[in-house]
Amino acid sequence: MNPVFQGLITIAIGVGGIFLYFIASNAFLDKVLFPAKGPNASRNINRANTIRPWLFLAPTIIALSLYLVYPVVGSFIRSLYNRSGNDFIGFANYTSMFASSEFRTAFLNNVLWALVVPSVSTFLGLLIAQLTDKLRWGNIAKSLIFMPMAISFVGASLIWKFVYAIDPELGIINAIRVNMFGAQPLDVLQVAFWNNIFLMVILIWVQTGFAMVILSAALRGIPEETIEAAIIDGANPFQIFFKIQIPQVTNTIIVVFTTTTILVLKVFDIVYAMTGGNFNTQILPSYMMQFMFRDDGRATAVAIVIMLIVTPVMVQNIRQARAEMR
Amino acid sequence: MDNIAGKKSSLSIAVNITVLLLVLIWLIPTVGLFVSSFRDRDAISASGWWLAASSTEQTFRGRGDTETTTPVDGGFALTGNVFEDPEIAPSFPDGQGNIAAFGDSGRAPGAYPAGEVADLGDGETLIVERNGDYVFTVPEDPEGSGPRYYIVAEAPPSFTLDNYRTVLTAGGMGQAFVNTLTVTIPTTIIPILMAAFAAYALAWMDFAGRTWLIAAIIGLLVVPLQLALVPMLTLHNQVGIGQSFLGIWLAHSAFGQPLAVYLLRNYMIGLPRDIIESARVDGGTDFQIFTKIILPLSFPALAAFAIFQFLWTWNDLLIAKVFLPSSDETKVMTVKIADDLLGSRGGDWGILAAAAFVSITIPLLVFFTLQRYLVRGLLAGSVK
Amino acid sequence: MATLKLTDIEKTYGGTVNVLNDINLDIKAGELIVFVGPSGCGKSTLLRMIAGLEKITSGTLEIDGQVVNDTPPAQRGIAMVFQSYALYPHMTVRDNMSFALKLAKKSKEEIDAAVMKAAKILQLEPYLDRLPKALSGGQRQRVAIGRSIVRDPKVYLFDEPLSNLDAALRVATRIEIAQLKESMPDSTMIYVTHDQVEAMTLASRIVVLANKGIAQVGTPLELYERPENEFVAQFIGSPAMNLLSGEIVETGAQTRVRLDGGGTALADVASTDADMGARVNVGVRPEDLVATDGDYIFHGTVNITEALGEVTLLYFERIGDNDAVIGKLPGIHADLRGRDVRMSAAPEKVQIFKDGRSLKYR
């Protein structure tokens, strides 16, 4: 069957099915299980209302438990088995992984990514948010810097492949090197250590817009009076920015930082498309994809490592959410 | 703050320049790609895209026109104008140009300056004037095909849609585009509906374990998707879904749930309590309140999530690589570019650029038209 | 024509936070009952329990003799006007008003007739096809009321319906509500407010809520003239009633109190011999104080005068532990500032409170 046609049918079945499910299950609850009639009408209505939330939640809960909760356990169990999945080998996948130098490279690179990308994009986002705030064309500037958010990581990689191209007639970097400094063209993606930075630049390019939008809103949320008070107290623009504005958006900065950190641990596309993990640019997500389809035991072991790195953030988020709900 | 007395203007100029610079840095890579996608292979290798709008010196080749063959002293002469040569003419739409040099071999296409008579040996001579008129003298009648010559000329900037044509037809991007749409649209619509019901329950229905559930969903927001790949693919294979569109629809719909529920709940809880209670007093059941009051009022949040989910599924590479088969009929654009084009067409930059642009046009369109909702959604998702 | 009976109603949140206790109240058909009290006294909670928006922790609520504790809001035959109006922003005025009837699956003719009737009463006919955002505050308020009229409920509930309006509009709408009540003499209404002017002008009876319970129930004038306790005495009336401490020196059909400030007060309040020598508080409303040259209840230096035009407020210097005494004299008396003035009041205007309770109520 033509996939487009199949897609249309899926939309119809999916949307119709969900509505049908809700209408039918609610009707069953109200008409058959606990009818709002007869001597027990009041009690039945109340009983129906204690069950109803779970009808509303059921599709989501099923989807979440199947696709996000079960895999935590499922991945862990799988990681204790060998490549074929037939033999239980305990933590052998982990020990051999920790022993491999490529894993260590990937891990260290990932640490670097997790430090550099969030800091730089948050910093730039804050800077741009502040600078554009009072500009007449600030919204256009922000919109353009925000634009890479809409571009896939693959697309972004391709865009930057042009920038990094060796051919000085193609890559801006080499064009500048050759034409302005008379140096030899160079494949920047093979320069040890710095190639990691060049890859991070791509993610920073994508993510700065996100940081900027959030921080811009946070900066605008600062009571104008505090800034005006500082002006009257004689603070200069820099003092206002660092001593009045930034302290009032610290929480938002932390949110932006952690959100970006979590993202860094998910993005394998850039490394995959740019270097394929060669030249010591491997990071954990791309390292995992190397084993995907080849050695599921090893792949899941990497996934569990990523999960462990994310766990503190997760615990913190849950804690904060529970505190806010009280 | 623009009204404050005694404000220095030098600072404002510095700010303007800094922002302008940053915007340029942000734009240049994309502009480069965009320009390159409209240039053919020769133009790309001849000059940087930043020079695309100016004319460039390029090498062309043609053949002496045998129809003009006339016997002269010591052989035959072929005359004509290079800009009328069928191989060269397409690059010079107005039929004229400036010849810098010419030659008779591809290795040294510019061996002789224009206007000079060149002795090519074996009794052959060639002269090409600056305006393109040439006289080619050869010892024997060339009959069928005229002798080769090469010229170096200032070619006007040329842009072409060929790359797009190639990419969309021969390159398989057309199919990939359709596949991406096939993945994206159901997985944008279906999870929103699921999540909207759940978010309503979490925002406005009272039941035991509600706070616990909300916390769990917030926790699931950060669970790395990588964990789900192996177990869920195995499960899909076991229940017969395998790698298929159905599989990726299910996966995306599920993976979108935490963010969708979180965003929508945050929004719905901000709706005035009085309105919902009023509807309850008016006799609305939860289902009616949801469809008649909550859904219409939550439109901005629904739109915001729809944009998120659309961009995310459209741009996704990971899930598509794992949950879709890797045959050409089912490849989405990101996979096509990352696995096929970057590998096999590694050197053909024009094609790559066109392919990239095909894949990012729709998201950019969505982005620029619906940016307002996207920003609102982002804020609802992070600042709270 | 609905009666309400509240018996021993109690509300506790989360098993620990007690907000209302021992609420016993009989509401007769056709009454307009106003709940007043300081903020946080639970008046809105009580209304929401009657509406069914809050569960009743213990006690029973009867409407027309039927216990409705477990009946969902929509089945109780009530309609509610919310403080924020709670208009559905995406629906026109007409749709807002007909929403409940549509949910109840009434026929189209019936719905149209009901909507038109309500629109006519409230002069909303020109606005029926507008969205709420295109209406002024007063119009929105009328739509909210119209929405409840359309349902023809047994009981109308109003939750501070005027607090979002500006002062002028508040007066106008208050009068409209009074007229509305008059045109529907059979409907029972319960009205929550913190504004005692609304309470005094609208209510058939007022329920004063304080300290998690009912402080007094009565007609507006009862509350004003015969407050049951010091709280009600001070809550009703503005400025609040003056309270002066003293000791009973003469009992009988009238009671005489020697005040700690040196004056004496005679009140038309009966007392017994057992009361002789008891410590009491004497209550006199500022507007009942008159300047005198003879026997005085109170004398002191006028600290500040506020001339409001029709009256002048006199703030006396504080004496002892009592709050500063306030007097309210008709006319303009700015010249009294800094003077020592003797004040007295007619015996029928004087209240006596022992342990916080009025001697009139025992």
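## Exercises on a predicted model

From the N terminus on, the elements of chain A run α-α-α-α-α-α-α-α-α-α-α-α-α-α. The model is predicted: local features need pLDDT of at least 70, side-chain atom pairs count only at pLDDT 80 or more, and totals for chains, interfaces and linings use all residues. Residues are numbered from 1 along each chain as its sequence is written, and chains are lettered from A and ligands numbered from 1 in the order in which they are written.

**Exercise 1.** State how many helices and strands chain A has.

*Solution.* Helices (H or I, at least four residues) and strands (E, at least two) are DSSP runs, numbered from the N terminus. Chain A has 14 helices and 0 strands.

**Exercise 2.** Find the contacts of B:Tyr200, leaving aside neighbours within four places in sequence.

*Solution.* Two residues are in contact if their C-beta atoms, placed from the backbone, lie within 7 Å. B:Tyr200 is then in contact with A:Phe56, B:Met268, B:Phe290 and B:Ile294.

**Exercise 3.** Give the share of chain A contacts, between residues at least 6 apart in sequence, that join residues at least 24 apart.

*Solution.* With contacts defined by C-beta atoms within 7 Å, the share is 63%.
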